2 protein chains.
Amino acid sequence: MLSQTVEYALRAMSSLAYRPNDLVPTSELAETTKVPSNYLAKVLQTLAGADLIMGRRGVGGGYRLSRAPEEISLLEVVNAVNPVERITTCPLGLDNHGPNLCPLHRRMDEAARLVMELFGSTTLADIVSGEGTPQLPLCSESMTQQIRIERAGK
Amino acid sequence: MLSQTVEYALRAMSSLAYRPNDLVPTSELAETTKVPSNYLAKVLQTLAGADLIMGRRGVGGGYRLSRAPEEISLLEVVNAVNPVERITTCPLGLDNHGPNLCPLHRRMDEAARLVMELFGSTTLADIVSGEGTPQLPLCSESMTQQIRIERAGK
């Protein structure tokens, strides 16, 4: 249901959310997210186009989040690549329906509403905090331990 | 979020659900669903491949539902064209995650679960009954009146 591109965009944003102040090279992002480099480059361009990340070219270049992880919802990431949209008027353009949806389109709209609510209420910070689970997004056992040590030191 | 193909497949199935015992010509389905004929033909082939509808070629030919509208959920229709899948194991293949999802993939799995629940609990019969709303799927004012008269006569 959620596209491969959505999955990859969410991985890339999660990866950047671990280091919100650093410019992370695309090669490093490709490794952490396990996304093919060419595909990832396109996803990053789209995310930059939506002003969710900022890039700098050349030596020492890379990408970083445009805002703090606490201020970026998963829904913004999803919408940047594959927008989730509510149905506000009859998709068939039927005059007698208009904004009054039939049972079919009410269900489809409800699906969009549920997903928007779920992703809209979760930020990148929520995701990478790992709260309520020992698993951190994108992190192997050794990366998890390293992050835990860094966080404990702060 | 739900693809154009999903929308078209649900329209086609709803249209057939109004007349579950008739072979409906593709041209008539294209008109009712407002789906371009070529696109609709492909969608119908996919639905037939998933055994949700049966077709007969030639004069007097067309498509009809394989089962009663009460026995076909919207989820089966969605799954025939764009499967909604739960996430059962780490999509990155991380050893230390496995079936224990991280917060990112738990959210993505939850989105799939919500949509599966919504569409899995609704049948084509629920949709075309028009219960709780004056709008019937795919129906103009005159078609709605005609269906109401037919139903009242039964």
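Good morning. In H4(B), the buried residues are B:Leu74, B:Val77, B:Val78, B:Asn79, B:Ala80 and B:Val81; buried here requires 20 or more other C-beta atoms within 10 Å of the residue's own, with C-beta atoms placed from the backbone. Helices are DSSP runs of H or I with at least four residues, numbered from the N terminus.

This is a predicted model, in which local features need pLDDT of at least 70, side-chain atom pairs count only at pLDDT 80 or more, and totals for chains, interfaces and linings use all residues. Residues are numbered from 1 along each chain as its sequence is written, while chains are lettered from A in the order in which they are written.

Because six of its eight residues are buried, H4(B) is largely enclosed by the rest of the structure. The cover over those buried residues includes H5 of chain A, as well as H1 (4-17), H3 (37-49) and H5 of chain B.

I turn to one of these neighbours. H4 (residues 74-81) and H5 (residues 103-120) of chain B pack at about 125 degrees, their axes 6 Å apart; axes are lines fitted to C-alpha atoms over the stretch in contact, and angles run from 0 to 180 degrees between N-to-C directions. B:Leu74, B:Leu75 and B:Val78 meet B:Met116, B:Phe119 and B:Gly120, where contact means C-beta atoms within 7 Å.

Finally, the chains: 40 residues of chain A are in contact with 40 residues of chain B. On the chain A side, H5(A) gives the largest share, 11 residues.

Note on methods:
Helix = DSSP H or I, 4+ residues; strand = E, 2+ residues; numbered from the N terminus. Contact = placed C-beta atoms within 7 Å. Buried ≥ 20, exposed ≤ 12 C-beta atoms within 10 Å, placed from the backbone.
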